[in-house]
Amino acid sequence: MNGRLLLALALSLTASAAGAQKNPDQMEWGPPPEGLPPGALLSVLSGDPAKAGLFTIRLRFPPGYKVMPHHHPSDELVTVIAGELSLGMGDRFRDKKAMSVVRGGYAVAPANMNHFAFTKDGATVQITANGPFAITYVNPRDDPRRKK
C-alpha cells in the first residue's frame, strides 16, 4: 500500500470511531438493563444494547453487588476498569469457586454458558457483546424482573 492510501484508511477509521470517543467525565450514567439487580449504574459507550449488533457498556456495581447464575445469547467480553469483580462459571452460586478479576483484568463468558458475578467492595466493568442484550437466570426466582 502506498502512503496516501494508508493515510486515507487511517482517516476513515478515525472518522468512523469519532462518535464513540468518550472520556469518563462525558459518560452519562443511568439504571442498568432490565434483568440486572437494582443498584448498578449503566453507561452506554457505543452501539445500542437493545438492538442487534455490537455494543459496549460500562456498569458500576456497588459494594456487595451480586448477579446470580445466568447466561446470555452472545459472548460477553468483560474488562475490569476499577475495583475487583469475582466471576464463576456454573449453575450454582459458589463464591469459593469464583475467580477474582482485578483492575485491568479481562474475562470472557461464552454464549449460553451459565456464570455468576459479585463484588465485595464495588467494581466498574466494561462489557462488549452482541445485542440485543438478554439475560436468562438458571433459577427463575433469581430474576429481578419477577420481583417488581
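Leaving aside its neighbours within four places in sequence, which residues is Val78 in contact with? I looked that up first, and the list is Leu85, Gly105, Tyr106, Ala107, Val125, Gln126 and Ile127. Contact here means heavy atoms within 4.5 Å.

**Ground rules.** I am working with a predicted model, where local features need pLDDT of at least 70, side-chain atom pairs count only at pLDDT 80 or more, and totals for chains, interfaces and linings use all residues. Residues are numbered from 1 along each chain as its sequence is written, and side-chain values use heavy atoms, with hydrogens and water left out.

**Confidence.** pLDDT is the predictor's confidence in each residue, from 0 to 100. I noted a mean of 88 for the protein chain, with 86% of its residues at 70 or more. Then I checked residues 1-18: pLDDT stays under 50 there, and the model has 1 contact beyond four places in sequence for them. Where pLDDT is low, the predicted coordinates should not be read in detail.

**Whole chain.** I found 1 helix and 9 strands, in the order α-β-β-β-β-β-β-β-β-β. Helices (H or I, at least four residues) and strands (E, at least two) are DSSP runs, numbered from the N terminus. Of the 148 residues, 36% count as buried. Buried means under 20% relative accessible area, exposed over 50%, and partly exposed in between (1.4 Å probe, protein chains only). Among contacts with a separation of 6 or more, 70% come from residues 24 or more positions apart.

**Back to Val78.** This residue sits in strand β4. I count Val78 as buried because its relative accessibility is 7%. Val78 and Ala107 are 29 residues apart in sequence, yet their C-alpha atoms are 5.1 Å apart in space.

**The core.** A nonpolar core is a set of buried Ala, Val, Leu, Ile, Met, Phe, Trp, Tyr and Cys residues joined through side-chain atoms within 4.5 Å. The largest one has 22 residues, and Leu59, Phe61, Leu85 and Val125 touch the most other members. β2 (53-61), β4 (76-89) and β8 (123-131) each supply at least two residues of this core. I picked out Phe61: beyond four places in sequence, Phe61 is in contact with Ala40, Leu85, Thr119, Gly122, Ala123 and Val125. In soluble globular proteins, nonpolar side chains tend to be buried together.

**Strand pairing.** Two strands pair if DSSP finds at least two bridges between them. I traced β3 (residues 66-71) to β7, antiparallel, over 3 bridges; in β7, Ala117 is the bridge partner of Val67. β3 also pairs with β9 (residues 136-137), again antiparallel, over 2 bridges, and there His71 has Thr136 as its partner.

**Asn114.** Is this residue buried or exposed? Asn114 counts as buried because its relative accessibility is 17%. I located Asn114 in the loop between β6 (106-109) and β7 (115-118). Its side chain makes polar contacts with the side chains of His71 (2.9 Å) and Asp91 (2.6 Å). A polar contact is a pair of N or O atoms within 3.5 Å; within protein, one must be able to donate a hydrogen and the other to accept it, and residues adjacent in sequence count only if both atoms are side-chain atoms.

**Pro144.** My last stop was the segment after β9, where Pro144 is found. Pro144 is buried, since its relative accessible area is 15%. Not counting residues up to four places away in sequence, Pro144 touches Gly35, Leu36, Pro37, Pro38 and Tyr137.
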